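Thank you for coming, everyone.

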Amino acid sequence: MASKTNCTINGYDYYRQSKVIGHKENGDPVRKWFYGKNKTESEKKYKEFMLSNSVDENITFGQMAYYYTYNVLIYDSSIASTTLAEYERAYRLYLKERPVTIKPLAKITAKDIQTHFNLLSAEHSTPVRQLHKFLKKFFAYAEIDGLTTNPMSAITVPVKRKKDEALDNEVITFSDGEMQAILKNLKTNRIRLLIKLAAATGMRIGELLGLKYENIHDGYVSVVRQHCSYYQINNDGTRELVYEDRPPKANSYRDIPYPANLENEIKLHKELHYQESRQNGYESEYVFTTQTGHQLDPRNVRRAWKRFLLSIDVEPKKFHALRATYGTSLSKAGVAIETTCSLMGHKSIKTTYKYYINVEDDQKIKAASKINSLFG
């Protein structure tokens, strides 16, 4: 019986088949044709090629990192969506197509990773910490798969120099004069109540946008959810912005008292909101929505916030500065640090401590000024 063939070259019949012998850095397969007198011989030549060329041993760090990110990592259901987005961002911005990635994965050493980290730390420290977390997972996977050893236990994450550590405790706040200008000029601004609640409770922007009317009662605001956005990563490397409500972290569940003079503000907002919903044909249990009843986009809120500050000649600062101002005001008022920590939903008092450090510095300056006055 004649052997089965599927092509003729220079008058000779062959069995030809295309096989994947590796992958490009972007994940696309690299293919090669293998020829034989029949299918069995063609398969044999393919296997001999793979063994003699040790393709798996020559796969680059970059190729495997790409494959892992978009074919393994993004399907790990044990990792939160926001964390997955952070890992993908760390890979995409701080590892992909960097010089270290062209080296064969099997030959990557702790020295290679450490050198890359040291170069990155000269730019910023945050990327190094993010990439370190990503690479710990990546090399654990690659080691289990028999592709390389795990060098991460030998890596030292570069830390900020002491002269830069003070920046960690820097708190950006609004002065008393700026806060007066902000509250005075809100008028009929659509996010008027949102701004006032942020200033009066120190709530995060996501907590405010996840707020429902049922969460405001008896002089308290209950934080039970947050409105979050994150990038959903697809296996082709594309990203899609997704919004969702999710429970806050354990320490962020809290009841925050608000000033009695906000009661009328809340009632007025609810009445106007109800009138608008009737007029525009929507229903919503959320406190802050668009004119069509959808939850507000935090990016649009930040843009509106910046425009508002510019319109009243107040130096633009992040929306988070309202929260920082709240925390600093509590510390200036002599509120115990444990209470401030609870009201702000901090996981640790160490986070709250920075508000008290800055107040102490302010008090030191005032004390020095009093002493200076003694000397005329």
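Let me begin with a term: a pocket here is an open set of grid points where a 1.4 Å probe fits, with protein on both sides within 12 Å along at least five of seven lines, and its lining residues are those with an atom within 4 Å of a point. Please also keep in mind that what we are looking at is a predicted model.

With that in place, we can turn to the second largest pocket, which holds about 480 Å³ of space and is lined by 20 residues, with M179, L183, A199, T325 and S329 lying nearest its centre. At least two lining residues come from each of helix 8 (176-184), helix 9 (192-201) and helix 13, and it is helix 13 that gives the most, with six residues. Sorted by class, the lining of this pocket consists of nine nonpolar, seven polar and four charged residues.

Stepping back to the whole protein, there are 15 helices and eight strands, and of its 376 residues 39% count as buried. If we take the contacts between residues at least 6 apart in sequence, 59% of them join residues at least 24 apart.

Now to a pair of helices. Two packed helices are described by the angle between their axes and the distance between the axes. For helix 3 (residues 61-71) and helix 6 (residues 126-144), the axes come within 11 Å and cross at roughly 100°, and since angles of 65 to 115 degrees count as roughly perpendicular, these two helices are therefore described as roughly perpendicular to each other. On the side of helix 3 the contact is made by F61, M64, A65, Y67, Y68 and T69, while helix 6 contributes F134, L135, K137, F138, F139 and Y141. By class, this contact has 10 nonpolar, one polar and one charged residues.

Finally, a word on backbone angles. Most residues other than glycine have a negative phi. Which way, then, does phi of D218 go, positive or negative? It is positive, near 50°, and D218 sits in the loop between strand 4 (216-217) and strand 5 (220-223), where it counts as exposed because its relative accessibility is 73%. D313, also not a glycine, has a positive phi of about 60°; D313 is found in the loop between helix 12 (298-311) and helix 13 (320-332), and it is exposed, with a relative accessible area of 74%.

How values were computed
Residues are numbered from 1 along each chain as its sequence is written. This is a predicted model: local features need pLDDT of at least 70, side-chain atom pairs count only at pLDDT 80 or more; totals for chains, interfaces and linings use all residues. Side-chain values use heavy atoms; hydrogens and water are left out. Helices (H or I, at least four residues) and strands (E, at least two) are DSSP runs, numbered from the N terminus. Buried means under 20% relative accessible area, exposed over 50%, partly exposed in between (1.4 Å probe, protein chains only). Axes are lines fitted to C-alpha atoms, for helices over the stretch in contact, and angles run from 0 to 180 degrees between N-to-C directions. Angles under 35 degrees count as roughly parallel, over 145 as roughly antiparallel, 65 to 115 as roughly perpendicular and the rest as oblique. Contact means heavy atoms within 4.5 Å. Ala, Val, Leu, Ile, Met, Phe, Trp, Tyr, Cys and Pro count as nonpolar, Asp, Glu, Lys and Arg as charged, and the others, Gly among them, as polar. On a 1 Å grid over the protein atoms alone, a cavity is a set of points where a 1.4 Å probe fits but cannot get out, and a pocket is an open set with protein on both sides within 12 Å along at least five of seven lines; lining residues have an atom within 4 Å of a point. Grid points are joined across faces, edges and corners, and a volume is the space filled by probe spheres set on the points.
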